[in-house]
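Reader: I have the sequence and the coordinates open side by side, and I would like to go through them with you. Could you put the structure up so that we are looking at it together?

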Amino acid sequence: MTAPLLSVSEISKRYGAVVALEGVSLNVGAGEFFALLGPSGCGKTTLMRCIAGFETPDSGKLTLKSADLSGVPPHRRPVNMMFQSYALFPHLNVYENVAFGLRRKGEREEAIRARVSELLDMTQLAPFGARRINELSGGQRQRVALARALAPRPALLLLDEPLGALDRKLREETQFQLKEIQRKTRTSFVIVTHDQDEALAIADRIAVMRTGKVEQIAAPIEIYEKPATRFVAGFVGEMNFIEGEIARDDGAAFVTSFARLPRAECALPQGARATLGLRPERIEVSRDGEGVAGRVEDFVFRGEYTLLRVRVAPDVVLRVGAYDGRFAIGDDVKLTIAPDAGVLFAESE
Ligand code: ATP
């Protein structure tokens, strides 16, 4: 990898007794779409504010294009921030909102006109240049905020819950637009979100945070399929956590109260207590045939699949994704779990 655009190294930040960030390190590449994902209060916004320069870390180092950022005020950083509230100027029209940063930089009128019209085109706002902000829909306002933040050509754009105010359908559409605009402008984006689906859909890489620390940094597919910790496994997507014990007598296996599940790759010793994190879609369900016997206790229709809750033992209910067929409460079913499906976590984790 070439030198990262942004390098965050061992950043810590406290507010009195509250530890907002504790030894956070990560790199963001040039042109990368990077997501900070985690539950409320885990430190995402604090980290963003440290990068923007609105907050000073107690310790650690930030560099951008290999230059140390300590002591550099926000307006001197090649970084822009788009706030969740958009913070648009209600007394200015769309054009002037987008032009704002360029005027402040003292750019020539002609250059401003060219850049604003380029951005209005890119964000599909060209017909709205003369509109006032209060005459726009929520989605349009979001796009004005994005165009305004991109206008001065920052090397890095920070977006704090940029789609938080939009309804679900619009959010999905806007995710595509945001990705496209990011690709076209080749700007590095760092997005803050607590929405796991959004992070998976939008980012090249995700940092999953928990109580001021980074738990895992990886591409979405790896976060989903190979979560590094139980927390990541439970936070991103649906997950069954199944308790059991390792047996290494006749080939390694994970032994639960309802099945013996072979594990070719298992580093844990004989007798170790462990938890298997298993996605609902990794369990196959049929009406008959081989497999673990269970009974449907409940289900929710999710459109492309139905999520079943299947009791397989007095103390174990599994969530299972059913992609074919109809099921009813009380149905007897058979479940198959492929060898090595899911991720094993040692008890001590
Ligand atoms: P959310 O998703 O709810 O915005 P977050 O992950 O962005 O949460 P932060 O806003 O970074 O979390 O907050 C991290 C911790 O630091 C929280 O416990 C918060 O209460 C605390 N905190 C943040 N800013 C301040 C402040 N200015 N003064 C005191 N405590 C603060």
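Reader: Let me start with a detail of the backbone: which residue with a positive phi follows α2?

Author: That is glycine 106, which comes after α2 and has a phi near 75°. Please keep in mind as we go that this is a predicted model.

Reader: And which residues of α2 itself are buried?

Author: Helix α2 covers residues 94–104, and its buried residues are Val94, Tyr95, Asn97, Val98, Ala99, Gly101 and Leu102.

Reader: What do those buried residues pack against?

Author: They pack against two other helices, α3 at 109–122 and α4 at 138–150.

Reader: Switching to the ligand, which residues surround it?

Author: The ligand is surrounded by Tyr15, Val18, Ala20, Gly38, Ser40, Gly41, Cys42, Gly43, Lys44, Thr45, Thr46 and His194.

Reader: Which element gives the largest share of the shell?

Author: That is α1, with 3 residues of the shell. Both α1, at 44–52, and β2, at 18–28, supply at least two residues each.

Reader: Since β2 has come up, what is the strand order in the sheet that it belongs to?

Author: The order is β2-β1-β4-β5, in an open sheet of 4 strands with antiparallel pairing. The edge strands are β2 and β5, the latter at 67–68, and each of them pairs on one side only. Between β1, residues 6–15, and β2 there are 7 bridges in the antiparallel sense, and within β2 the residue bridged to isoleucine 11 is valine 24.

Reader: There is a further sheet towards the end of the chain that I would like to understand; in what order do β15 to β19 lie?

Author: They form an open sheet of 5 strands in the order β15-β19-β16-β17-β18, and the pairing is antiparallel. The edges are β15 (283–286) and β18 (316–322); each has a single partner strand, so one side of each is left without a neighbour in the sheet. From one strand to the next the twist averages 45°.

Reader: How many bridges join β16 to β19?

Author: There are 4 bridges between β16, residues 292–301, and β19, residues 332–337, and the two strands run antiparallel. Valine 292 stands opposite leucine 335 in β19, while alanine 293 has lysine 334 as its bridge partner there.

Reader: And what about β16 and β17, how many bridges do they share?

Author: Strand β17, residues 306–313, pairs with β16 over 6 bridges, again in the antiparallel sense, and leucine 307 in β17 is opposite valine 300. Their hairpin has 4 residues between the strands, and glycine 303 takes a positive phi near 90° in it.

Reader: Which residues other than glycine have a positive phi?

Author: Serine 66, with a phi near 65°, is one of them, and arginine 186, near 50°, is another. Serine 66 is in the loop between β4 (59–64) and β5, and arginine 186 is in the loop between α5 (168–185) and β8 (188–193).

Reader: Is serine 66 buried or exposed?

Author: Serine 66 is exposed, because it has 9 other C-beta atoms within 10 Å. Arginine 186 is exposed as well, with 9 other C-beta atoms within 10 Å.

Definitions and conventions: Residues are numbered from 1 along each chain as its sequence is written. This is a predicted model: local features need pLDDT of at least 70, side-chain atom pairs count only at pLDDT 80 or more; totals for chains, interfaces and linings use all residues. A residue is near a molecule or strand if its C-beta atom, placed from the backbone, lies within 6 Å of it. Two strands pair if DSSP finds at least two bridges between them. Axes are lines fitted to C-alpha atoms, for helices over the stretch in contact, and angles run from 0 to 180 degrees between N-to-C directions. A residue is buried if 20 or more other C-beta atoms lie within 10 Å of its own, exposed if 12 or fewer, and partly exposed in between; C-beta atoms are placed from the backbone. Two residues are in contact if their C-beta atoms, placed from the backbone, lie within 7 Å.
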